[in-house]
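Subject: Structure for you to look at

Hello,

Here is the structure I promised to hand over. Please open it first, then read on for what was found.

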Amino acid sequence: MTHQRNRLLTALTAGALVLGLAGAAYAQAAGSLVSTALADGDVGEQADGYLGIKGTASAALRGEVDAINIKRRAAYTQLAAQRGVTVKDVAATVGCQTLATRVAAGRAYQLPDGVWRVKSAAPITLPAYCAG
Amino acid sequence: MHMLLTEARSRATSGAMKRFATLMMAASVAACGGCVQVQAPDKPIEINLNVNIKQEVVLSLKKDADALITDNPELFPK
């Protein structure tokens, strides 16, 4: 009985290990999907503080963008609770900063008007609330 | 003779009052031409609150936001 249970435990541990490795490998592969999409201008930063997809995207890319946005939202929620502001306020402030400093020329970005634009050499005209 | 005179006078008075009432009605109808007429819109009034973030809040959060970005590089791929 004990022997059987041990074997079952070993099998479960091995299974979990394989799944974990596969998951890590998948996450790494998917992460590169976003980097490529960013470089191609298919994915870009939005003024609302999240990544967005311009047009249609594969399920794998969509999944990776969603995963990043979920993690971002968790980080925003934590900071919002610490500072006593809304998650939206934190997200919008991060949006101001990403648009101001983290969008390279040739990459896509989206302002609150919902229109996707491509960054030129000139700085992005930020929403009024970003000023200051 | 006396009675008749009183009757005639009262008739004259009521005629004047009627004329006055008619005049007042006409005046009020004319006045309504200058009334401000308020009409309820058939569409609901929409107020866009999407960009309702206070500049001060953004300003106070800027340093925190920068730290959040640099502390979580995996969430902000370049």
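Start where the two chains meet. The contact draws 25 residues from chain A and 19 from chain B. On the chain B side, twelve of the residues touching chain A are nonpolar, four are charged and three are polar.

A word of caution before the details. This is a predicted model. The predictor gives the complex an ipTM of 0.74 and a pTM of 0.62. Chain B has an average pLDDT of 74, and 55% of its residues score at least 70. Where pLDDT is low, the predicted coordinates should not be read in detail.

Chain B

Chain B has two helices and zero strands. Of its 78 residues, 8% are buried.

The sheet in chain A

Now turn to chain A. In what order do the four strands of its open sheet come? The order is E2-E1-E3-E4, and the pairing is mixed. Strands E2 (51–53) and E4 (116–118) of chain A stand at the edges. Each has a single partner strand, so one side of each is left without a neighbour in the sheet. On average, neighbouring strands of this sheet are turned by 40 degrees against each other, direction ignored.

Strands of a sheet pair through backbone hydrogen bonds, either parallel or antiparallel. E1(A) and E2(A) run antiparallel, and three bridges join them. To find one pairing on screen, look for A:Gly44: its bridge partner in E2(A) is A:Gly52. A helix also packs on this sheet: H2(A) touches E1 and E2 of chain A. The direction of H2(A) makes about 160 degrees with that of E2(A).

Helix H3 of chain A

Next, find helix H3 of chain A, residues 87–101. This helix has 15 residues. From its first C-alpha to its last it reaches 21 Å, close to the 21 Å expected at 1.5 Å a residue.

Is H3(A) mostly covered or mostly open? H3(A) is mostly covered, with eleven of its 15 residues buried. The buried residues run from A:Asp89 through A:Val90, A:Ala91, A:Ala92, A:Thr93, A:Val94, A:Gly95, A:Cys96, A:Gln97 and A:Thr98 to A:Leu99.

What covers the buried residues of H3(A)? From chain A, the cover includes strand E1 (43–46), helix H2 (59–83) and strand E3 (108–110).

Best wishes

How values were computed. Residues numbered from 1 in each chain as written. Chains lettered and ligands numbered in written order. Predicted model: local features only at pLDDT ≥ 70, side-chain atom pairs only at ≥ 80, totals over all residues. Buried ≥ 20, exposed ≤ 12 C-beta atoms within 10 Å, placed from the backbone. Contact = placed C-beta atoms within 7 Å. Nonpolar A, V, L, I, M, F, W, Y, C, P; charged D, E, K, R; others polar. Expected span 1.5 Å × (residues − 1). pLDDT = per-residue confidence, 0-100. Pairing = 2+ DSSP bridges. Axes fitted to C-alpha atoms, helices over the stretch in contact; angles between N-to-C directions.
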